[in-house]
Amino acid sequence: MEIRSPQNPEEWEAYFQLRFEILREPWNQASGSEHLPDDQAAIHVFAIENKQVLGVARMHESNSQQGQVRCVAVASSHQGQGIGKLLMDYLEHKAKESNWKEIILEARENAVPFYTKLGYVIEKESYLLFDEIQHYTMKKIF
């Protein structure tokens with residue numbers, strides 16, 4: 001398995017397809033809603049093995065000292081196998097290379113234990129996505 005950025009149109013298509021399947025489709029969101037306006041400015045990473053995308057994540061600069069992680073998703077068939085941790089390790093390394101002092105993220109309620117194990121701390125309860133998915137602002141300081 002490789003952890004890296006998508007490098008060609010086919011990889012980008014597979015990257016966004018997994019993002020849609022895990023983060024949007026189960027809540028009847030339209031195809032295309034997985035694309036965000038600032039995707040061009042973000043650092044993207046995925047886990048790929050035998051041309052199959054197993055996990056995806058992205059991070060952008062939210063201010064000169066801070067990165068924000070969004071859109072972390074692991075294929076249902078590969079959850080619980082450490083792929084999410086590998087993606088987060090990659091992004092944390094990139095944040096440190098950029099001399100960012102912290103990372104923030106908006107974690108879905110079911111993902112809070114995952115991020116807590118990685119050293120993230122809940123800052124506050126934030127928003128309700130699709131009228132049913134509670135999110136929490138979490139932060140990790142380096």
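In which sense do β4 and β5 pair, and over how many bridges? They pair in the parallel sense, over 4 bridges; two strands count as paired if DSSP finds at least two bridges between them. This is a predicted model: local features need pLDDT of at least 70, side-chain atom pairs count only at pLDDT 80 or more, and totals for chains, interfaces and linings use all residues. Residues are numbered from 1 along each chain as its sequence is written, and side-chain values use heavy atoms, with hydrogens and water left out.

**Overall build**

- The protein chain holds 3 helices and 7 strands. Both are DSSP runs numbered from the N terminus: helices are H or I with at least four residues, strands are E with at least two.
- From the N terminus on, the order is β-α-β-β-β-α-β-α-β-β.
- The radius of gyration (over C-alpha atoms) is 14 Å, which agrees with the value near 14 Å for a compact globule of 142 residues. The globule rule is 2.2 Å times the number of residues to the power 0.38.
- Along the principal axes, the C-alpha atoms fill a box of roughly 35 × 35 × 30 Å.

**The sheet**

- The 7 strands form an open sheet with mixed pairing, in the order β1-β2-β3-β4-β5-β7-β6.
- β1 (2–4) and β6 stand at the edges with a single partner strand each, so one side of each has no neighbour in the sheet.
- From one strand to the next, the twist averages 20 degrees.
- V69 stands opposite L105 in β5.

**Helices on the sheet**

- α1 lies across β1, β2 (43–49), β3 (52–63), β4 and β5, and runs at about 85 degrees to β3. Axes are lines fitted to C-alpha atoms, for helices over the stretch in contact, and angles run from 0 to 180 degrees between N-to-C directions.
- α2 packs on the sheet and touches β1, β2, β3, β4, β5 and β7. Contact means heavy atoms within 4.5 Å. The direction of α2 makes about 30 degrees with that of β3.

**The largest pocket**

- Its volume is about 950 Å³. A pocket is an open set of points on a 1 Å grid over the protein atoms alone, where a 1.4 Å probe fits, with protein on both sides within 12 Å along at least five of seven lines. The volume is the space filled by probe spheres set on the points.
- Of the 38 lining residues, L23, V72, R108, A111 and Y115 are the closest to the centre. Lining residues have an atom within 4 Å of a point.
- β4 gives the most to the lining, with 7 residues.
- The lining divides into 19 nonpolar, 10 polar and 9 charged residues.

Terms used
Ala, Val, Leu, Ile, Met, Phe, Trp, Tyr, Cys and Pro count as nonpolar, Asp, Glu, Lys and Arg as charged, and the others, Gly among them, as polar.
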